[in-house]
Amino acid sequence: MIELNTAQKNYLFKVIFDLRDLYKIFDLNILINLLKGKKVLPYLTAMVLQDSNFFIPVKTSTLEKSAIINTQITKGEIRWQADYARRQYYGVNFDHSKQKNPNARAKWFEAAKARWLEKWERFVNDMFKRS
């Protein structure tokens, strides 16, 4: 689930990666156990953050660092918080230079999800098997 939070600040872009929305991907009993223990969510959030930042446009690293600082890892909330975060994410009036990051593009979370969703699924399933 992607949630855009415009109520607080105009420059906040927030992705909430909610395991409950993955019921179509994972067995429901597995998800219930994972959510009860909340053992997987912080690790999965960190993985999604790292994979998303792989595609983030970089000029000064402020946007990338904002996610590291503002993410609530135990809640599964990844937040890119900069005055230009929303416009950069959607590519509005921005040139996504590939000079510092050749993988840079708009909608970096969507790019990460398209590339690594299966890896995230395997990770959650492996963590469940270990618990």
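What is the volume of the largest pocket? In this predicted model, the answer is about 290 Å³.

**View 1. The largest pocket and its lining.** Here we look at the pocket with a volume of about 290 Å³. Its lining is made up of 15 residues. Among these, Pro57, Val58, Lys59, Thr60 and Gln88 lie nearest the centre of the pocket.

**View 2. The ring pair of Phe54 and Trp116.** The count of aromatic pairs in the model comes to seven, and this view shows one of them. The ring centres of Phe54 and Trp116 are 5.3 Å apart, and because their planes stand at 75 degrees, over the 60 degrees required, the pair is edge-to-face. Phe54 sits in the loop between α2 (41–53) and α3 (62–70), whereas Trp116 belongs to helix α5 (residues 108–130), so the pair ties together parts that are 62 residues apart in sequence. Phe54 counts as partly exposed, with 31% relative accessibility. Trp116, at 16% relative accessibility, counts as buried.

**View 3. The ring pair of Tyr89 and Tyr90.** With centres 5.1 Å apart and planes at 85 degrees, the rings of Tyr89 and Tyr90 make an edge-to-face pair. Are these two residues buried or partly exposed? Tyr89 counts as buried at 2% relative accessibility, while Tyr90 has 36% and counts as partly exposed.

Definitions and conventions
Residues are numbered from 1 along each chain as its sequence is written. This is a predicted model: local features need pLDDT of at least 70, side-chain atom pairs count only at pLDDT 80 or more; totals for chains, interfaces and linings use all residues. Side-chain values use heavy atoms; hydrogens and water are left out. On a 1 Å grid over the protein atoms alone, a cavity is a set of points where a 1.4 Å probe fits but cannot get out, and a pocket is an open set with protein on both sides within 12 Å along at least five of seven lines; lining residues have an atom within 4 Å of a point. Grid points are joined across faces, edges and corners, and a volume is the space filled by probe spheres set on the points. Rings of Phe, Tyr and Trp (its six-membered ring) pair if their centres lie within 6.5 Å; planes under 30 degrees apart count as stacked, over 60 as edge-to-face and the rest as tilted. Helices (H or I, at least four residues) and strands (E, at least two) are DSSP runs, numbered from the N terminus. Buried means under 20% relative accessible area, exposed over 50%, partly exposed in between (1.4 Å probe, protein chains only).
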